[in-house]
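Open the model in your viewer and keep the selection panel at hand. Each stop below says what to select and what is there.

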Amino acid sequence: MLNAQTIISILLVFVPISIAANAMELGSSVIFITSAIAIIPLAGWMGTATEEIAVVLGPNLGGLLNATFGNATELIIGIIALNAGLVRVVKASITGSIIGNLLLVMGLSMFLGGLRFKEQKFQSVVARLNASAMNLAVIAILVPTAVNATSNGISSNTMQNLSVAVGIVLITVYILTLLFSMKTHSYLYEVGIVGSESQDLDSDSESEENAEHKPNLLLWILVLLIATLTVAFESELLVDSLEEATSALGLTALFTGVIVVPIIGNAAEHATAVTVAMKNKMDLSVSVAVGSSLQIALFVAPVLILTGSLLGQPMDLNFNPFELVAVVVAVLIANSVSSDGRSDWLEGVLLLAAYTILGLAFYFHPVIKGLS
């Protein structure tokens, strides 16, 4: 039986297919679809390479590397899209990644894990800490949008300056969360990992394998480099064909940014979260889902704001009000479901239902089609 990693690796065939489609000018829709599929396994290999390198570097440097490269695919796609002037799509992808991780990924994990195990448990203390950090992310998006809505003719330069300042605060908080989770309060996170591993019937044999496992550092650095460069190339193909392809498919910039782009960038990570949940390692699954959302909000978004300024494509935190509503809804329901430190299949259904409703709303949202 094929596992998730094998299936994702098979999708690597779409790398040459997308290149051939671009060379033969088979049309923007074909290029868009094939390059989007090609990014999925590449993102998976980037994640695998990062994990293997982290084993060699040790818990502190390894944790920092994982935290930095955890959402590298979304960051690469975002920078290339920014450079192409698709600021609206980049903004939408930020909110879409947060919504997707909290509702789609955690929902699928709780649903499929709940079908195999009647009730699953995870660290409620960590869940509450993550909830507080997500509340900060909501405030960071809400305040600039509220400033714009309650002022008369605020200049784009003023909004940009406000967004940069808020972005610096968010990056500072992100660094402090890393210090908290990896240094001063690492025991909170270690308890959860140990607890979930003890529930795995094969934990002893896995520990022996891990002890003997010594990754080839140079090999995995090479894999990470090649995968990153290929993701950048495929992202160029994706972004170049994005406007024409989505118009041909009848999609809006809002729906493309909120739903399509985040699923492409997060697919490999989604598979990991669901797979470990089905092994009754709910601590790790929730950590992947919520941790990715936090990284998007506290690290990727501020970096894109600062990068946009350098590229001459100013990006701020003044979001579409409906996007803001969607993020607030996602954070509220995710915090409500995860606060008790337990989950079952019905809670997964509730999260998936919320994501479906929001997805339908974004699809039917009457915004002007086109990305410019």
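**Stop 1: isoleucine 80**

Start by selecting isoleucine 80, which sits in helix H5. The model is a predicted one. Isoleucine 80 counts as buried because its relative accessibility is 12%, and the cut-off for buried is under 20%. Now show its contacts. Leaving out residues up to four places away in sequence, isoleucine 80 touches Ala232, Ser235, Glu236 and Val239. Isoleucine 80 and phenylalanine 233 are 153 residues apart along the chain, yet their C-alpha atoms are separated by 9.7 Å.

**Stop 2: serine 235**

Move across to one of those partners, Ser235. Serine 235 belongs to helix H11, residues 217-248. Is serine 235 buried or exposed? With 0% relative accessibility, serine 235 counts as buried. Its contacts, not counting residues up to four places away in sequence, are Ile39, Ile76, Ile77 and Ile80.

**Stop 3: the largest cavity**

The structure holds 4 cavities of 30 Å³ or more. The largest cavity contains about 110 Å³ of space. Its lining is made of 14 residues, and the closest to the centre are Glu74, Gly78, Ser93, Ile94 and Val261. Colour helix H5 (72-83), helix H6 (87-116), H12 and H13: these elements give two or more residues to the lining. Which element supplies the largest share of the lining? That is H6, with 5 residues.

**Stop 4: the nonpolar core**

Next, select Ile98 and Ile99. Within the largest nonpolar core, a set of 95 residues, these two have the most contacts. Helix H13 (residues 282-311) provides the largest share of this core, 15 residues. Centre the view on isoleucine 99. Setting aside neighbours within four places in sequence, isoleucine 99 is in contact with Leu104, Val258, Ala326, Val327, Ala330, Tyr355, Leu358 and Phe362.

**Stop 5: helix H8**

Select residues 156-184, which form helix H8. Draw a distance between the end C-alpha atoms: they are 40 Å apart. That agrees with the 42 Å that 29 residues should span at 1.5 Å a residue. Then pick out the buried residues of H8: Met159, Gln160, Ser163, Val164, Val166, Gly167, Leu170, Ile171, Tyr174 and Leu178.

**Stop 6: two positive phi angles**

Most residues other than glycine have a negative phi. Two loop positions are worth a look here. Go to glutamate 25, in the loop between helix H2 (14-23) and helix H3 (28-57). Glutamate 25 is not a glycine, but its phi is positive, about 55°. Its relative accessible area is 71%, so glutamate 25 is exposed; the cut-off is over 50%.

Now jump to asparagine 280, in the loop between helix H12 (253-277) and H13. Its phi is also positive, about 70°, although asparagine 280 is not a glycine. Asparagine 280 is buried, with a relative accessible area of 13%.

**Last stop: the whole chain**

Zoom out and colour by secondary structure. The protein chain has 15 helices and 2 strands. How many of its 372 residues count as buried? The share is 50%. Among contacts with a separation of 6 or more, 86% come from residues 24 or more positions apart.

Terms used: Residues are numbered from 1 along each chain as its sequence is written. This is a predicted model: local features need pLDDT of at least 70, side-chain atom pairs count only at pLDDT 80 or more; totals for chains, interfaces and linings use all residues. Side-chain values use heavy atoms; hydrogens and water are left out. Helices (H or I, at least four residues) and strands (E, at least two) are DSSP runs, numbered from the N terminus. Buried means under 20% relative accessible area, exposed over 50%, partly exposed in between (1.4 Å probe, protein chains only). Contact means heavy atoms within 4.5 Å. A nonpolar core is a set of buried Ala, Val, Leu, Ile, Met, Phe, Trp, Tyr and Cys residues joined through side-chain atoms within 4.5 Å. The expected span of a helix is 1.5 Å times one less than its number of residues. On a 1 Å grid over the protein atoms alone, a cavity is a set of points where a 1.4 Å probe fits but cannot get out, and a pocket is an open set with protein on both sides within 12 Å along at least five of seven lines; lining residues have an atom within 4 Å of a point. Grid points are joined across faces, edges and corners, and a volume is the space filled by probe spheres set on the points.
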